[in-house]
Amino acid sequence: MGAHHYAVNIAWTGNRGTGTSGYRDYGRDHLISANGKEPIRASADPAFHGDADRWNPEELLLAALSECHLMSYLHVAVNHGVRVVAYTDDAIGAMVQTTDGGGHFTEVTLRPRVTVSDPGQVELAQSLHAEAAGLCFIAASVNFPVAHEPVTVAVAR
């Protein structure tokens, strides 16, 4: 199938005039951009002196896992003839800090809520999350468990 390559640009915008002269002297704000796309306004988590109005790396990792499962799930649904008409996910994740100032995610749980058009396919649609999870590029790239708590319903008639 071959390799796929990606490129993004990160531009730090948090220099308050003295650069990194001290831990509290610089902003964590930055812009994430890629050719032809709107930039993402990002920062650190507020716990790490970031801007709460901007996306932080932890949220972006969680979003990447959720988005990847969505894309994999929609692909698997098509392959099985399941018509998905709505999909939302309230994903959650946990990260722990280490004594050296670093940290790592310990787990992520995706909680997709899928609506299908055919009430007779609810059970099949629910079962497809396992297949989709096995196809997700991002989940296959992380070293912590990604759990799934899906709910599948049919369109109300």
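Which residues does Leu-128 touch, not counting residues up to four places away in sequence? The model is predicted, and in it Leu-128 touches Tyr-73, Val-76, Ala-77, His-80 and Val-82. Leu-128 also belongs to the largest nonpolar core, which has 10 residues. Tyr-73, Val-76, Ala-77 and Val-82 are in that core too.

Now step back to the whole chain. It holds 2 helices and 9 strands. Read from the N terminus, the elements run β-β-β-α-β-β-β-β-α-β-β. The radius of gyration is 19 Å, well over the 15 Å that the globule rule gives for 157 residues, so the chain is more spread out than a compact globule. The C-alpha trace spans about 65 × 35 × 35 Å along its principal axes. Of the 157 residues, 29% are buried. Among contacts with a separation of 6 or more, 55% are between residues 24 or more positions apart.

One of the buried residues is Ser-72. Its place is in helix H1. Ser-72 counts as buried because its relative accessible area is 9%, and buried means under 20%. Which residues is Ser-72 in contact with, leaving aside its neighbours within four places in sequence? They are Ala-132, Leu-135 and Cys-136.

Next comes a sheet. It is open, has 3 strands in the order S5-S6-S8, and its pairing is mixed. Strand S5 (92-97) and strand S8 (146-148) stand at the edges. Each has a single partner strand, so one side of each is left without a neighbour in the sheet. Neighbouring strands are turned by 15° against each other on average, direction ignored. Strands of a sheet pair through backbone hydrogen bonds, either parallel or antiparallel. S5 and strand S6 (residues 103-110) run antiparallel and are joined by 6 bridges. Within this pair of strands, Val-96 stands opposite His-104 in S6. Helix H1 packs on the sheet and touches S5, S6 and S8. The direction of H1 makes about 35° with that of S6.

The last stop is charge pairing. Side chains of opposite charge can pair when their charged atoms come close. The count comes to 2 salt bridges. In one, the side chains of Arg-54 and Asp-29 meet at 3.6 Å, N to O. This pair links distant parts of the chain, 25 residues apart. Arg-54 is in the loop between strand S3 (40-42) and H1. Asp-29 is in the loop between strand S1 (9-12) and strand S2 (30-33). Both Arg-54 and Asp-29 are buried.

Arg-54 also meets Asp-51 in a salt bridge, at 3.8 Å, N to O. Is Asp-51 buried or partly exposed? Asp-51 is partly exposed, with a relative accessible area of 25%. For Arg-54 the relative accessible area is 11%, so Arg-54 is buried. Through shared partners, the salt bridges join Asp-29, Asp-51 and Arg-54 into one network.

Methods:
Residues numbered from 1 in each chain as written. Predicted model: local features only at pLDDT ≥ 70, side-chain atom pairs only at ≥ 80, totals over all residues. Heavy atoms only, no water. Core = buried A, V, L, I, M, F, W, Y, C linked by side-chain atoms within 4.5 Å. Buried < 20%, exposed > 50% of the residue type's maximum accessible area, 1.4 Å probe, protein only. Contact = heavy atoms within 4.5 Å. Helix = DSSP H or I, 4+ residues; strand = E, 2+ residues; numbered from the N terminus. Pairing = 2+ DSSP bridges. Axes fitted to C-alpha atoms, helices over the stretch in contact; angles between N-to-C directions. Salt bridge = Lys/Arg side-chain N within 4 Å of Asp/Glu carboxyl O. Rg over C-alpha atoms; globule rule 2.2 N^0.38 Å.
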